[in-house]
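Please keep the structure open while going through the points.

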Amino acid sequence: MSEAVEGLPFEQPASFAFTPEYLAKAQAQIAKYPEGRQASAVLPLLDLAQRQNDNWLPRAAMDHVAHLLGMAPIRVYEVATFYTMFNLRPVGQHLFQICTTTPCWLRGSDQVVEACRKKLGVGIGQTTPDGKFSLMEVECLGACVNAPIIQVNDDFYEDLDGPSTEALIDALSRGEKPPMGSVKGRQTSAPEHAQKTLLEVPERSAPGTQAGAGDRNAE
Amino acid sequence: MPKLTVNGIEVETPPGATVLQACQMAGVEVPHFCFHERLAIAGNCRMCLVEQEKASKPVASCAMPAADGMVIHTDSDKAKKARKGVMEFLLINHPLDCPICDQGGECDLQDQAMAYGFDRGRFEENKRAVKDKELGPLVKTSMNRCIHCTRCIRFATEIAGVEEMGATGRGESMEIGTYVEKALTSELSGNLVDVCPVGALTSKPFAFVARPWEMKKIESVDALDAVGSNIRIDARGSQVLRVLPRLNEDINEEWISDKTRFAIDGLSRRRLDRPFIRKDGKLVEVSWQDALETVASMMKRIPGERMAAVAGDLVDVEAMYALKALMGSFGSGNIDCRPVGVALDPSVRAGYLFNTTIAGIEQADACLLVGTNPRYEAALVNARIRKRYLKTGFKVAAVGPKLDATFPVEQLGEGPEAIDRWTETLKAAKNPMVIIGQGALARPDGAAILARVRKLAEETGMIREDWNGFNVLHTAAAQVGGLDLGFVPGKGGRDTAAILKGCEAGEIELVYLLGADEIDTSRLGKAFVVYQGHHGDAGAKRADVILPGAAYTEKDAIYVNTEGRPQLARRAVFPPGDAREDWKILRALSDMAGKKLPFDSLPQLRKQIVEAHPVIGAVDAVTPAAWGNFGKEGPVDPAAFVYPIEDFYRTDAIGRASPTMAECAAVKAGVAPGTPMGGKTGTHG
């Protein structure tokens, strides 16, 4: 599961160490926890390690984190393999995490997947030969109101359909970085066209009176 | 004291007990897989579901604390249905390979499936397949069978103290293993085979050897270290096929070390099964008559003070007693049971025992290790120290080279000068203890170090009416027995070092080695060497006459462990070929030499031993020993201690003959990567 994306040949690097910049960030995380509870920082540290290492987490990095936190390496492996967000092998420059859970699926995630497949020539769990794109199918990303969604590395692209997915891929291939959020241009999760609710200011009745409650019921 | 009702039986449980324990107290057995009374509670197999009145769902009894007024039903329809459901889920992914599974016949899942399993599966999809893991030369894995009870993870983490096993992945992809393929670095890894409730972890050397019901089971004790672990020997025909632990809360709880469990294949290799006599530099097979006559005639000819005897590490009390009596009858006081020359003598019994007792470690609150690495010398003493550490954060300090311990150790220094560096901590502790090992005693200044540690014990309040914190950790099963018998030089007699010196100088003409392989045989000079023992090891190589004896699995014998606890080993199989029980050989020899020993049977011999040495009569008990003055004050060499055991797996003739132990040692040394799957594969062939 955690090794979902294949395609890139790879070798486990022999060693890993945080760069001074990342080490400072790591120490800031460790400092958040009381003495003796440093192991709690394992998730943020693994995330930092993954960011430093082109979006994947080699075993040496897990060992390094274990060493920093005074944990047994196996305890770190357990965490790293549990969360699907850790990539245990190299992924493409743009990691497409396509949500296909029910709301996205109802809103047409099949077309999104199909567009990716067609455009990139690779299927779910694969990486394009040029190492630019990886496709991954994920469960709910928690943005159902703007379904369907693709998470590209850290950014959400929402309200996708076939053509807009292809356009997204084109833009990324050109080296552009399209603005994240709804590709239809809606503001966060506001209604798609015009505002449909809260169009008028309701008349306020005096607080606590029966009349107020009665009015609402009458509507 | 919560009171609850289990199936209509009212039970009162100690505070902190679980519902499962309450059920057990009521005499009701609750099926379970993940629960193990010596491990942390996981509560993940769900097999122990019971019905609790007023609870909406069945509860996992292993994880539910017993509370006052609970009404529990373990055999109601609801409880049974819940367990059947759990069993069905467990069997979804479990292969139906019982006929070729080594756990068959002693498998918890198999047994419980008889009661709660359904006779067909409703699961139409494919079972999941999991790659087998490589855990070294001792534990074979068959991970398709794993039911994820996590007992092995908890055992490795808690008892063995090597955090190397874990569960990686999640959900359907969860796998138990080490993630990075490697052999477990524990001396207790064989116990994983016992804790695994299914056939996922089985014994590699025992793979496809025998079914449990084909073997004769004999309750005995181990002699490969000085702990005296209680074991059950499983034998078929003339061969010991496996060794399992036997519960003894005072000694090994329910664990045994890997050496105890797996060195047994050494019992059928390099055995001395015929008497031999060296003729023209070559050992030639002879009859017992010839061999004994040769030795007897030598003994008759040579004066007592020119004879000597050394007893080795695996020798039982009876044989040492018989040899001591025989040497005594020739007027020889040159006998010694300390082949490596440890500075212990029998004058004060408390001076050579593990007085605190192994179970007593659980009362201690600070422990100083002097020249000992309990992890290799007595893996189960080490496990007990770790247990104590986990419970209370027990403080441990060590004098000696850096320890690779399974608990935090404060290194005080490498040599004797560091012994006094921890006095304040020991004084502040309620029940302080010190463990002095062979690394401190087996050196020329051993007696002075012993005296210093005795003084330290006295000064730090270790010696009280209700507490004795002074401990000697032995490495040989024979040692305490030998000291109890007084198998040491008599008046004017020579100890091992003097015997060897005498041999080199030609003053000793006959040396009787009773299983003594630990001495430097190159120093035996021109002496006539009689070797009585069971393995063709160092002693036999140099011998002029070989009298084949019996190993600890082949004789009824008494061994006294490091605590001073005499225990009975029982014969599981007969000695191979012409080999005989050791006391019988000595009795026959004495007859031929014209000094007939006054016993004809084992009961008679034992009666004499107990009359002369009453402590040995208190079988299975520890007789508290009186404190006294021991050791010899004197100058101490500041040189660093050297731990007696470098290679845990091959400390004795049996271990050295064992291919399994050789493989373990090679893996440990990094020479061999560990043979993948041990040559034999489970479901593949």
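1. In this predicted model, Glu106(B) and Arg242(B) form a salt bridge, with their closest N and O atoms 2.9 Å apart. Glu106(B) sits in the loop between α2 (77–93) and α3 (108–116) of chain B, while Arg242(B) belongs to strand β12 (residues 239–245) of chain B, so the bridge ties together parts that lie 136 residues apart in sequence. The two partners can also be described by their accessibility. Glu106(B) has a relative accessible area of 29% and is partly exposed, whereas Arg242(B), with 9%, is buried. The value for Arg242(B) falls under the 20% limit, which means that this residue counts as buried.

2. A second pair in chain B is Glu504(B) and Arg523(B), whose side chains meet in a salt bridge at 3.4 Å, N to O. Glu504(B) is part of helix α15 (residues 496–505) of chain B and Arg523(B) is in the loop between β24 (510–514) and β25 (528–533) of chain B, so parts 19 residues apart in sequence are tied together. Glu504(B) is partly exposed, with a relative accessible area of 47%. Arg523(B) also counts as partly exposed, at 25% relative accessibility.

3. Chain A has a pair to look at as well: the side chains of Lys119(A) and Asp170(A) meet in a salt bridge of 3.0 Å, N to O. This pair links distant parts of the chain, since Lys119(A) is in helix α6 (residues 109–120) of chain A and Asp170(A) is in helix α7 (residues 162–173) of chain A, 51 residues apart. Lys119(A) is partly exposed at 36% relative accessibility, and Asp170(A) is partly exposed at 27%.

4. Why can such side chains pair? Side chains of opposite charge can do so when their charged atoms come close. How many salt bridges does the structure hold over all chains? The count is 57. Some residues are linked in a network of salt bridges, made up of Arg38(B), Glu249(B), Glu253(B), Glu254(B), Glu362(B), Arg384(B) and Lys387(B).

5. The backbone deserves a check too. Tyr179(B) is not a glycine, yet its phi is positive, about 65°. Tyr179(B) is located in the loop between β8 (175–177) and α5 (191–195) of chain B. With 27% relative accessibility, Tyr179(B) counts as partly exposed.

6. Asp280(B) is another residue other than glycine with a positive phi, here near 50°. Where is Asp280(B) in chain B? Asp280(B) lies in the loop between β13 (276–279) and β14 (282–285). Asp280(B) has a relative accessible area of 81%; because this is over 50%, the residue counts as exposed.

7. In chain A, the peptide bond to inspect joins Ala147(A) and Pro148(A): this bond is cis, with an omega of about -10°. Pro148(A) is found in the loop between β2 (133–138) and β3 (150–152) of chain A.

8. Finally, the domains of chain A. The domain assignment gives domain 1 (20–82) and domain 2 (94–182). Taken over C-alpha atoms, the centres of domain 1 and domain 2 of chain A are separated by 29 Å.

Notes. Residues are numbered from 1 along each chain as its sequence is written. Chains are lettered from A and ligands numbered from 1 in the order in which they are written. This is a predicted model: local features need pLDDT of at least 70, side-chain atom pairs count only at pLDDT 80 or more; totals for chains, interfaces and linings use all residues. Side-chain values use heavy atoms; hydrogens and water are left out. Helices (H or I, at least four residues) and strands (E, at least two) are DSSP runs, numbered from the N terminus. Buried means under 20% relative accessible area, exposed over 50%, partly exposed in between (1.4 Å probe, protein chains only). A salt bridge is a side-chain nitrogen of Lys or Arg within 4 Å of a carboxyl oxygen of Asp or Glu. Domain bounds come from an automatic or database domain assignment.
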